[in-house]
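This report describes a protein chain and its ligand in terms of domains, annotated positions and the ligand shell. The sequence and the model are shown first.

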Amino acid sequence: MPRKTNGVGVQAEDAQICVVMVGLPARGKSYIAQKAQRYLRWLSIPARTFNVGNYRRTDAPQPTADFFDMNNAEGERKRRAAAEAAVADMLQWFKSGGVVGILDATNSTKERRQWVMDTISKEGIEVIFVESKCDDEALIMGNIRDVKTTSPDYKGQDPETAALDFRNRIRNYEKIYKSINEDGDENDYTYLKVMDVGKQVIINRIQDYLQSRIVYYLINLHIRPRSVWLSRHGESMLNLEGRIGGDAALSYRGEEYARKLPDLVRQSVGDDRPLTVWTSTLKRTIATARHLPKHYNQLQWKALDELDAGVCDGLTYQEIKDRYPDDFAARDDDKYNYRYRGGESYRDVVIRLEPIIMELERSEDILIISHQAVIRCIYAYFMQKDQEDSPWLPVPLHTLIKLTPRAYGTDEEKTSANIKAVSTWRGKGSTAKHEDPVPEGGI
Ligand SMILES: O=P(O)(O)OC[C@H]1O[C@@](CO)(OP(=O)(O)O)[C@@H](O)[C@@H]1O
């Protein structure tokens, strides 16, 4: 087995894990699988979901509910072939260095789980079953609605007929479904059973660090509707000079943004929704938050402080290029991994942001006032941006970003405060001439 350390604090070492989803259709399994994959990839852990439905569709693109009747021998054969093809591809992927493979299927019988367990563990890969068990009608109905509008199984079909057929499909699965360890004979398995999206969880035989980390993430997920707002601090005195880092006060226009922020937030959040505000520990974010209504709970996080530029703190990009030309070029070459001398890389920032992401997943509405690099990293998590792209994302000053997580992806809305500010965005190779270094009306 390959030995790996991915440099993110996760000692993947020899552990390769197959997360095997379990549960009836419309229980949010694919949602959980997608979230887990996104979280692990964000942490640079190679993760991939293998959806058995996608394999089955090559053979049976739009089957009716009868196909899933367990007495239908032809259906059974095709479903089994699809599972075998998905598992074979997954094992291949593990051989090429994959660390966490997610098998997204119902795996709803003991026999199927036994087969998955035997086939995968034989290759030295750990197996963890993750079951979503849900009897909450409203949640199931919500999922059915989602499926009939998004699943390729029902593409182009009348929504009502699709919903009815899907319910019949679920009924067919219900006839054979066994919740994991329901009969007490799957005690040896490692598993996490989540009831009604987190109301109750059962954890059995979790073995190592990476497994417990995945489990910890999954038990923190919730699906109550909420949004996350992101804003950089108002323009700072160092932003005006094109100097990075530091702990400067706000410029005149930065102060104007701080005064306008309560209105922007009220319009976007609404009056009656409680909001929690997180800032960094640096002056410019705290000053930006200070006019927000007192009934908003405010918290300062060291983890939200700007990327530490080490010996380059307080310099302009031109000064960095003059004094440390090799470093300047190396950063352009691989901005995500480049670590400032005595400072941090984007990769380092992602690692220290992990508790923030975990807390965000647990929370309701949150407004984060932070910094260019930190906001890029948080944004990349929600919007699934690649590591090559995320350090170059434009995050303009004086702009409020609203992110709303949905079943498959995240909606985004940007509101500009219409208050001028310098641009701190720097393209590859350039030393960023700020177009507007002197603010109108002085500072
Ligand atoms: O990674 P790059 O593109 O240099 O952006 C990060 C930089 O953004 C800045 C502004 O240039 O953030 P901030 O506005 O929070 O001060 C610097 O402090 C920080 O080093």
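## Basis of the description

Two residues are in contact if their C-beta atoms, placed from the backbone, lie within 7 Å. The model is a predicted one, in which local features need pLDDT of at least 70 and side-chain atom pairs count only at pLDDT 80 or more, while totals for chains, interfaces and linings use all residues. Residue numbers start from 1 along each chain as its sequence is written.

## Annotated positions

The unreviewed UniProt entry carries the annotation "active site" for H233 and E306; such positions are given in the numbering used here, with shortened feature names, and annotations may be inferred rather than shown by experiment. The two are spread over 74 residues of sequence yet cluster in space, with a largest C-alpha distance of 10.8 Å.

E306 occupies the loop between β9 (297-300) and α11 (317-323). Helices (H or I, at least four residues) and strands (E, at least two) are DSSP runs, numbered from the N terminus. Not counting residues up to four places away in sequence, E306 touches G245, S280, L282, H371, A373 and V374. Because 24 other C-beta atoms lie within 10 Å, E306 is buried. The term buried applies at 20 or more other C-beta atoms within 10 Å of a residue's own, exposed at 12 or fewer, and partly exposed in between, with C-beta atoms placed from the backbone.

H233 is located in the loop between β7 (228-232) and α8 (237-241). H233 has 29 C-beta neighbours inside 10 Å and therefore counts as buried. Its contacts, leaving aside neighbours within four places in sequence, are G254, R284, T285, T288, I369 and H371.

## Ligand shell

The ligand is surrounded by 14 residues, of which the closest are I244, H371, Q372, A373 and T424; a residue is near a molecule if its C-beta atom, placed from the backbone, lies within 6 Å of it. By class, the shell has five nonpolar, six polar and three charged residues. Ala, Val, Leu, Ile, Met, Phe, Trp, Tyr, Cys and Pro count as nonpolar, Asp, Glu, Lys and Arg as charged, and the others, Gly among them, as polar.

## Domains and their contact

Domain 1 (17-220) and domain 2 (228-416) are given by the domain assignment of the protein chain, with bounds that come from an automatic or database assignment. Their C-alpha centres are 36 Å apart.

Nine residues of domain 1 are in contact with ten residues of domain 2. On the domain 1 side, α1 (29-42), α5 (137-150) and α7 (209-220) each give two or more residues, and α1 provides the largest share, four residues. This side of domain 1 has four nonpolar, three polar and two charged residues.
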